[in-house]
Amino acid sequence: MADAMKKWLRRECISYRRLAKEMNQSPGGISNKVNGRTPWSLNDLLWLKEHYGLSYEFVIDGAPQCQKEEVA
C-alpha cells in the first residue's frame with residue numbers, strides 16, 4: 001500500500017530527493033521503497049519513526065496514523 005506513503009510525502013511537501021538527503025540515501029533508492037519495489041529496512045523504519053513519527057505499519061502497508069491528542 002505504497003499510496004499512503006506517497007500521499008503523506010505530497011501532503012508534507014517532502015520530495016524523494018529531500019527525504020533521500022535526510023536519510024543519507026539515493027533518491028532512486030527512496031523512490032523504489034516508496035513505490036514498493038524495495039522493502040524498507042529496519043533502520044529506515046526506525047529513522048522515519050524518530051524523525052517524523054510515522055508508525056512502521058503506516059510506512060509498510062498504509063495503516064492509518066493515529067492523531068495525537070493534546071491533553072490539557
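Colleague: Hi! At what angle do helix 2 and helix 3 cross?

Modeller: Hello! In this predicted model, the axes of helix 2 (residues 16-23) and helix 3 (residues 27-34) cross at roughly 110° and come within 8 Å. That makes helix 2 roughly perpendicular to helix 3.

Colleague: And which residues meet there, between helix 2 and helix 3?

Modeller: From helix 2 you have Tyr 16, Arg 17, Leu 19, Ala 20 and Met 23, and they meet Pro 27, Ile 30, Ser 31 and Val 34 of helix 3. By class, this contact has seven nonpolar residues, one polar and one charged.

Colleague: Nice. Which residues of helix 3 are buried?

Modeller: Ile 30, Ser 31, Lys 33 and Val 34 are buried in helix 3. They sit on the same side of helix 3, because they cover an arc of only 165° around its axis.

Colleague: Let's take the lysine. Why does Lys 33 count as buried?

Modeller: Its relative accessibility is 13%, and buried means under 20%, so Lys 33 counts as buried.

Colleague: What does the side chain of Lys 33 make a polar contact with?

Modeller: The partner is the side chain of Gln 25, at 2.8 Å. Leaving aside residues up to four places away in sequence, Lys 33 touches Gln 25, Thr 38, Pro 39, Trp 40 and Asp 44.

Colleague: OK, and the serine? What does Ser 31 touch?

Modeller: Not counting residues up to four places away in sequence, Ser 31 touches Tyr 16 and Arg 37. Ser 31 lies in helix 3 and, at 16% relative accessibility, counts as buried.

Colleague: What comes just after helix 3?

Modeller: Gly 36 is found there, and it takes a positive phi of about 75°.

Colleague: Changing topic: how far apart are the axes of helix 2 and helix 4?

Modeller: The axes are 11 Å apart, and helix 2 packs with helix 4 (residues 42-52) at an angle of about 100°. Helix 2 and helix 4 are therefore roughly perpendicular to each other.

Colleague: Which residues meet in that pair, helix 2 and helix 4?

Modeller: Arg 18, Leu 19, Glu 22 and Met 23 of helix 2 meet Asp 44, Trp 47, Leu 48 and Tyr 52 of helix 4. The residues of this contact divide into five nonpolar, no polar and three charged.

Conventions. Residues are numbered from 1 along each chain as its sequence is written. This is a predicted model: local features need pLDDT of at least 70, side-chain atom pairs count only at pLDDT 80 or more; totals for chains, interfaces and linings use all residues. Side-chain values use heavy atoms; hydrogens and water are left out. Axes are lines fitted to C-alpha atoms, for helices over the stretch in contact, and angles run from 0 to 180 degrees between N-to-C directions. Helices (H or I, at least four residues) and strands (E, at least two) are DSSP runs, numbered from the N terminus. Angles under 35 degrees count as roughly parallel, over 145 as roughly antiparallel, 65 to 115 as roughly perpendicular and the rest as oblique. Contact means heavy atoms within 4.5 Å. Ala, Val, Leu, Ile, Met, Phe, Trp, Tyr, Cys and Pro count as nonpolar, Asp, Glu, Lys and Arg as charged, and the others, Gly among them, as polar. Buried means under 20% relative accessible area, exposed over 50%, partly exposed in between (1.4 Å probe, protein chains only). A polar contact is a pair of N or O atoms within 3.5 Å; within protein, one must be able to donate a hydrogen and the other to accept it, and residues adjacent in sequence count only if both atoms are side-chain atoms. The arc is that of the directions from the helix axis to the C-beta atoms.
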